[in-house]
Amino acid sequence: MSQAKLNKILLYSLVAVCALWLIIPFTMAILWSLVDPTKPWTADKLLPPVMSFYRWQYLWENSSLQQAMINSYTLAPTAAVLALVLATPTAFAFGRLSFPGKSVAQTLALLPLIVPGFVTAVFFTAFLFRLGFAHWRFGGIVLAHCVLFMPFAVRIMTVSFETVRQDHIDAARDLGASTCQRWKVAYLPALKPGVFASLLIVFIYSIEEFAVAFILGSPDFVTIPTLLFSQMGQDFVRPNAAVLSLILVVPNVFLMLGLEKLMRSANPALASGKG
Amino acid sequence: MYAIEIQNMKMAFGRFEALKDINLQVSKGEFVTLLGPSGCGKTTLLKALSGFLTPTAGDIFMGGETVTALPPESRDTALCFQSYALFPHLTVKENLDFGLRQKKVPLAERVQRVDRVSEQLELGAQLDKLPNQLSGGQQQRVALGRALVMQPAVILFDEPLSNLDAKLRDSVRIEIRRIQRENNLTAIYVTHDQAEALSMSDRVVVLNGGRVEQVAAPKEIYNNPATSFVADFIGSANIMDAEVVGESSPGQWRLNTPLGELVSESKSRPKGKNIKVCWRPEEAKIHGTGLNTVSSPIRDVSFQGAYSDLFLTTNGCEIRLQAREFGLKEGDVIDYSIPPEHLIMLEAN
Ligand SMILES: Nc1ncnc2c1ncn2[C@@H]1O[C@H](COP(=O)(O)OP(=O)(O)O)[C@@H](O)[C@H]1O
Ligand SMILES: [Mg+2]
């Protein structure tokens with residue numbers, strides 16, 4: 001078999017595996033969310049016998065789903081923006097300056113990523129409670145998410161800062177640009193993709209985070225994941241869980257696709273490598 | 001009053017001295033090249049002139065005023081980067097306009113100046129393109145235009161042609177010189193290419209290891225190198241050790257060299273007893289007779305088109321000659337003579 005043919009087959013099988021990996025869970029989730037309570041979906045049937053939007057309507061009207069969505073979709077963007085703002089100065093130092101102990105500092109900044117989430121959650125929440133965040137649960141969770149996921153933002157923004165070209169900064173200066181204008185013309189275009197990527201990553205992790213949100217938020221502050229897990233806890237209703245997981249994941253997919261487009265248009269220099 | 005005057009300038013990075021005691025005066029409208037091997041401090045000197053580096057010692061004056069402490073954004077200089085450094089997300093027009101906007105030039109004048117420069121550089125058709133849609137030569141012209149449009153008191157070039165292919169290099173070189181003359185710009189041009197330096201400059205500054213070896217017009221640099229470094233770096237002269245024996249008649253110096261006793265004609269006295277001497281491969285007369293005639297077998301012949309390079313070893317001394325005669329071959333013994341006025345006495349050994 002020729003090399004090209006082999007490559008083609010490998011490529012197609014990879015695409016197929018990826019597609020299945022996405023399509024099967026999504027299809028299953030969608031089908032389960034449409035199961036009508038009057039007739040259960042038993043293992044001997046390929047499709048649910050009766051399909052309706054009953055579960056969607058039921059959850060929308062009879063659970064804290066609306067509040068959970070409001071909470072999650074205010075939490076995640078706030079955490080994303082805050083993490084980006086806090087990560088940027090550190091990333092600037094890592095990406096543009098040289099100072100003694102830089103590589104140690106860079107490793108330390110990534111450390112939170114390797115500690116299991118639940119361990120951090122248990123101890124970090126105790127710390128936050130002591131700081132008085134028991135009375136402002138939203139703030140506590142935002143802060144916790146920010147700290148937990150900032151390493152991603154620091155890492156991404158460090159790479160972005162490294163791609164800023166010194167000769168662009170110098171050229172801007174040489175042509176009389178003020179500090180502010182230098183940032184606008186030399187830094188921002190190179191940083192844009194990193195900014196979008198950091199926002200998205202922290203947003204997605206925050207939307208999906210359970211441990212901290214559960215410990216800090218319970219009992220009265222619900223997010224989509226804590227609602228989802230509570231639906232699983234007492235008497236597990238698979239169709240309800242399917243509805244919630246779809247609500248959790250669908251926006252992420254669209255965000256991801258949107259980001260891909262934005263990144264492509266953000267920096268023509270990265271698209272061609274010249275300039 | 002000089003357009004640029006550098007006084008006793010030193011530049012150190014930590015313990016390393018990149019520039020040692022630089023003195024230089026450049027007049028208005030002059031085109032001066034900084035020539036030297038890689039790492040000799042050309043870029044460092046250019047950065048000191050544009051303001052990106054502050055000298056460790058000494059002063060820089062432009063138009064009679066000290067600029068040593070001025071940052072780049074406040075200096076009346078414009079730098080043409082080796083990498084072009086065009087802003088990739090701005091169109092050609094926006095790139096050209098960028099500096100004028102920073103300096104708050106009125107809109108009408110900005111438009112007029114950008115138009116003029118894009119016409120001068122034939123960039124009219126490219127104005128709405130992004131830099132990465134242009135060829136290397138066009139990008140280089142935009143970089144040039146972006147500096148020109150500022151109408152700076154001093155324009156600085158850092159090896160602007162090094163990313164272009166040989167053919168394009170010649171035409172851009174001529175173009176740079178034409179525009180510099182047309183606008184009566186004072187230009188400092190950095191290069192490590194001696195042909196570029198000799199063909200473009202009013203004066204050449206030869207740098208070596210952070211020191212100025214010689215400052216002179218191209219012809220003077222070539223015909224009367226001040227040091228063996230200059231003689232070797234430009235046009236690879238034959239360089240030999242010599243011992244001064246005495247003055248046979250006024251201006252005629254007898255020298256003991258590996259090629260035997262030779263005479264050098266010079267108005268100035270030698271700089272010591274043991275010195276270095278040099279002569280150009282093309283100045284020796286093949287089949288010459290009389291004064292300074294040497295006889296030697298040919299070790300190697302290398303055909304170069306218009307001439308042949310002959311390589312000889314005389315008394316352990318490697319010699320290069322240029323011959324317009326093409327019948328010579330390896331092993332032939334030839335006589336050649338070095339005209340005394342072309343045997344140049346250099347620094348003391
Ligand atoms: N920022 C710096 N820190 C330390 N050494 C430097 C720095 N910039 C240049 N040098 C050194 O100074 C010398 C001259 O450099 P440069 O001016 O770039 O040479 P070139 O003539 O090739 O342009 C080199 O040996 C270089 O390593
Ligand atoms: Mg250089």
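Mentor: Two residues are in contact when heavy atoms of theirs lie within 4.5 Å. Helices (H or I, at least four residues) and strands (E, at least two) are DSSP runs, numbered from the N terminus. This is a predicted model, in which local features need pLDDT of at least 70 and side-chain atom pairs pLDDT 80 or more, while totals for chains, interfaces and linings use all residues. Residues are numbered from 1 along each chain as written, chains are lettered from A and ligands numbered from 1 in written order, and side-chain values use heavy atoms, without hydrogens and water.

Trainee: How far apart are the end C-alpha atoms of α4(B)?
Mentor: Helix α4(B) runs over residues 136-148. The expected span is 1.5 Å times one less than the number of residues. For the 13 residues here that gives 18 Å, which agrees with the model, where the ends are apart by 18 Å.

Trainee: Is Arg173(B) buried or exposed?
Mentor: Arg173(B) sits in helix α5 (residues 166-182) of chain B. Beyond its neighbours within four places in sequence, it contacts Leu161(B), Ala195(B), Glu196(B), Ser199(B) and Met200(B). Its relative accessibility is 19%, so Arg173(B) counts as buried.

Trainee: Which element gives the most residues to the shell around ligand 1?
Mentor: A residue is near a molecule or strand if one of its heavy atoms lies within 4 Å of it. The residues surrounding ligand 1 include Phe13(B), Pro37(B), Gly41(B), Lys42(B) and Thr43(B). At least two residues each come from β2 (16-26) and α1 (42-50) of chain B. With three residues, the element that gives the most is α1(B).

Trainee: And in chain A, how much of the chain do buried residues make up?
Mentor: Chain A has twelve helices and zero strands, and its C-alpha atoms fill a box of roughly 75 × 65 × 30 Å along the principal axes. Among its contacts with a separation of 6 or more, 72% join residues 24 or more positions apart. Of the 275 residues in chain A, the buried ones make up 40%.

Note on methods: Buried < 20%, exposed > 50% of the residue type's maximum accessible area, 1.4 Å probe, protein only.
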